[in-house]
Amino acid sequence: MKKFEEKTIDTEKIFNGKVIKLQVDSVTLPDGNTSKRELIKHPGAVAIIALTDENNIVFVEQYRKALEKSILEIPAGKLEEGEAPEVTAKRELEEETGYTTDHLELVTSFYTSPGFADELVYVYFTDQLQRLDDAVAGDEDEFVEVYELPLEEAERLMAEQRIHDAKTAYALLYLKNRRV
């Protein structure tokens, strides 16, 4: 894989935000020419495929400013510095849905947009949910509504683009293949 490696000559830090960092790297290409790469640095995230005892998938609806609309997604969230992905997954499940679990199975991880971002999402599965007695406070700027839907309904909502993000589409494919 090293034959296509680009060597960094210089890094210009553009922005250092709460969630992402933006930088522009000057690189030497494999053929000796130089180019610029605009890169987003992200701490990583988790997503949870959660099934209820009734075999419904747990979703959250939230407004996504980048899209200027609300969509249904599987519960997910950003890794905190030094936090193990499975700890983040349990925390996000509790904060966003009111459920908890002691059984999280790592399904896979994937890069969301490797052309310009290093965000790595860890996807977990659980079908062993317990309802929390008391709600766990989530992020103060996050407003979500929880839905529990069968796979067939979720697939219909995906066709209508109410479900329209990669991690949730992956989750639905995963569950569909699990049934086969």
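Figure 1. Lys167 touches Ala47, Glu73, Ile74, Ala76 and Phe110, not counting residues up to four places away in sequence. Contact here means heavy atoms within 4.5 Å. Lys167 lies in helix α3. Its relative accessible area is 14%, so Lys167 is buried. The term buried means under 20% relative accessible area, exposed means over 50%, and partly exposed lies in between, with a 1.4 Å probe and protein chains only. The model shown is predicted: local features need pLDDT of at least 70, side-chain atom pairs count only at pLDDT 80 or more, and totals for chains, interfaces and linings use all residues. Residues are numbered from 1 along each chain as its sequence is written, and side-chain values use heavy atoms, with hydrogens and water left out.

Figure 2. Tyr174 lies in helix α3. With a relative accessible area of 18%, Tyr174 is buried. Leaving aside neighbours within four places in sequence, Tyr174 is in contact with Ile49, Glu105, Val107 and Phe125. Asp127 is 47 residues from Tyr174 along the chain. The C-alpha atoms of Tyr174 and Asp127 are separated by 13 Å.

**Figure 3. Helix α3 from end to end.** Helices (H or I, at least four residues) and strands (E, at least two) are DSSP runs, numbered from the N terminus. Helix α3 covers residues 166-179, which makes 14 residues. The expected span of a helix is 1.5 Å times one less than its number of residues. For α3 that span is 20 Å, and the end C-alpha atoms are 20 Å apart, which agrees. The buried residues of α3 are Lys167, Thr168, Ala171, Leu172, Tyr174 and Leu175. They cover an arc of only 160° around the axis, which puts them on the same side of α3. The arc is that of the directions from the helix axis to the C-beta atoms. On the other side of α3, Ala166, Leu173 and Asn177 are exposed.

**Figure 4. Glu92 in helix α1.** Glu92 is placed in helix α1. Its relative accessibility is 3%, so Glu92 counts as buried. Glu92 touches Val46, Ile48, Ala76, Gly77, Lys78 and Thr97, with residues up to four places away in sequence not counted.

**Figure 5. The largest pocket.** A pocket is found on a 1 Å grid over the protein atoms alone: an open set of points, where a 1.4 Å probe fits, with protein on both sides within 12 Å along at least five of seven lines. Lining residues have an atom within 4 Å of a point. The largest pocket has a volume of about 1,400 Å³. A volume is the space filled by probe spheres set on the points, and grid points are joined across faces, edges and corners. The lining holds 36 residues, of which Val19, His42, Arg64, Glu73 and Glu119 lie nearest the centre of the pocket. Several elements each supply at least two lining residues: β4 (45-50), β5 (57-64), β6 (69-73), β7 (76-78), α1 (85-97) and α3. By class, the lining has 16 nonpolar, five polar and 15 charged residues. Ala, Val, Leu, Ile, Met, Phe, Trp, Tyr, Cys and Pro count as nonpolar, Asp, Glu, Lys and Arg as charged, and the others, Gly among them, as polar.

**Figure 6. The second largest pocket.** This pocket has a volume of about 320 Å³. It is lined by 15 residues, of which Glu6, Arg37, Leu39, Pro114 and Gly115 lie nearest its centre. Strand β3 (residues 34-41) gives the most to this lining, with four residues. The lining of the second largest pocket divides into eight nonpolar, two polar and five charged residues.

**Figure 7. Two loop residues with positive phi.** Most residues other than glycine have a negative phi. Asn55 is not a glycine, yet has a positive phi of about 70°. Asn55 sits in the loop between β4 and β5. At 38% relative accessibility, Asn55 counts as partly exposed. Gln161 is not a glycine either, and has a positive phi of about 65°. Gln161 lies in the loop between α2 (151-159) and α3. At 43% relative accessibility, Gln161 counts as partly exposed.
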